[in-house]
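Subject: Handing over a structure

Dear colleague,

I am passing on a structure for you to look through, and below it I have set out what was found in it. Please keep the sequence and the 3D view open beside this message while you read.

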Amino acid sequence: MSRLRRRTVAVVATALLVSLAGTSPAAASLDDTVLTHGAVGGAAVAVGDVVQAGLATATTANFYSTATGTTGVKCAASTFSATVLTNPAAPGVATESLDAQSFSSCTSNVFGTLRVNRVSVDNLPYSTSVDSAGTVTISGGAAGPIQSTVVLATLLGTVTCVYQATGNSITGVSSNATTSISFANQPFTKVAGPATCFGSAYFSATYAPVRDVSQADSPIVYVN
């Protein structure tokens, strides 16, 4: 083989190796965004897409009077809806606007209560961030602090209890294994309501699966 031909073959081989290296899983992961849909490291969730979820199967959303107790209000149904604002390359922090959150089919075991008339989330939208480690942080927005209103029917009439998140933020954990976001014993403090309302409320809930409803077939959302 001539010297020129050997040199040409070497150049082609080198170029091929560089090309293969550029498409290796390790290299491709550098281009992943924090939020993807369909799979870990899948297609990027587009800015402006809406992500939604309801409660994980066979779970409830709870507002209990203590972090370790079971006295308070629990809801068999809850959903949230958020709009993706930024979705940078991973590792990083994606941001969202929590636009809606609802609770229904709620019951109370607080002494003297007959039923739960309403559990609502006030002052939406809230600011939300999701980092590559899976930490989800929700903070009060321009409309006001994170706040929930619980309206109870009691033996003495209707009682309205208003609670705000301690420190104006709550923190959850996103899991790719269960495609969920979980909140555990996030503290709220009563800011309005009679003595019938307990002074503190601890919020726990697991939402799964989280889906990108702006895409066809509403694929599941993953954190990278």
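Let me begin with Pro209, which is placed in the loop between β14 (200-207) and β15 (211-212); strands such as these (E, at least two residues) and helices (H or I, at least four residues) are DSSP runs, numbered from the N terminus. Before going further, please note that this is a predicted model, in which local features need pLDDT of at least 70 and side-chain atom pairs count only at pLDDT 80 or more, while totals for chains, interfaces and linings use all residues. Residues are numbered from 1 along each chain as its sequence is written, and side-chain values use heavy atoms, with hydrogens and water left out.

Pro209 has a relative accessible area of 28% and is therefore partly exposed, where buried means under 20%, exposed over 50% and partly exposed in between, with a 1.4 Å probe and protein chains only. Although Pro209 and Gln52 are 157 residues apart in sequence, their C-alpha atoms are 8.4 Å apart in space. Once neighbours within four places in sequence are left aside, Pro209 is in contact (heavy atoms within 4.5 Å) with Gln52, Ala53, Thr179 and Ile220.

Ser169, in strand β12 (residues 169-175), also counts as partly exposed, because its relative accessibility is 27%. Between the C-alpha atoms of Ser169 and Gln186 there are 8.9 Å in space, and the two are 17 residues apart in sequence. Not counting residues up to four places away in sequence, Ser169 touches Ile138, Ser139 and Ile146.

Next come the aromatic rings.

The structure holds six aromatic pairs, a pair being rings of Phe, Tyr and Trp (its six-membered ring) whose centres lie within 6.5 Å, with planes under 30 degrees apart counted as stacked, over 60 as edge-to-face and the rest as tilted. In one of them, the ring centres of Phe63 and Phe103 are 5.3 Å apart and the planes are at 70 degrees, so this pair is edge-to-face. Because Phe63 lies in strand β4 (residues 61-64) and Phe103 in strand β6 (residues 93-108), the pair ties together parts that are 40 residues apart in sequence. Phe63 is buried, with a relative accessible area of 6%, and Phe103 counts as buried at 11% relative accessibility. Phe103 also pairs with Phe203: the ring centres are 6.1 Å apart and the planes are at 90 degrees, so that pair is edge-to-face. Since Phe103 lies in strand β6 and Phe203 in strand β14, parts that are 100 residues apart in sequence are tied together by this pair. Phe203 counts as buried at 4% relative accessibility. Ring pairs link Phe63, Phe103, Phe183 and Phe203 into a cluster.

Which residues have the most contacts inside the largest nonpolar core? They are Leu35, Val73, Phe103, Val119, Phe203 and Tyr207, in a core of 46 residues, where a nonpolar core is a set of buried Ala, Val, Leu, Ile, Met, Phe, Trp, Tyr and Cys residues joined through side-chain atoms within 4.5 Å. Strand β5 (residues 72-86) gives the largest share of this core, five residues. With neighbours within four places in sequence left aside, Val119 is in contact with Phe63, Val73, Cys75, Phe103, Cys106, Thr149 and Val150.

The structure also holds two cavities of 30 Å³ or more; on a 1 Å grid over the protein atoms alone, a cavity is a set of points where a 1.4 Å probe fits but cannot get out, and its lining residues have an atom within 4 Å of a point. Grid points are joined across faces, edges and corners, and a volume is the space filled by probe spheres set on the points. About 370 Å³ of space lies in the largest cavity, whose lining has 32 residues, with Phe80, Val136, Ile138, Ile181 and Phe183 nearest its centre. The second largest cavity has a volume of about 60 Å³, and residues including Phe63, Val73 and Val150 line it.

Finally, for the whole protein, there are two helices and 16 strands, and buried residues make up 40% of the 224 residues.

With best wishes

Notes
1 Å grid on protein atoms, 1.4 Å probe; cavity = no way out; pocket = protein on both sides within 12 Å on 5 of 7 lines; lining within 4 Å.
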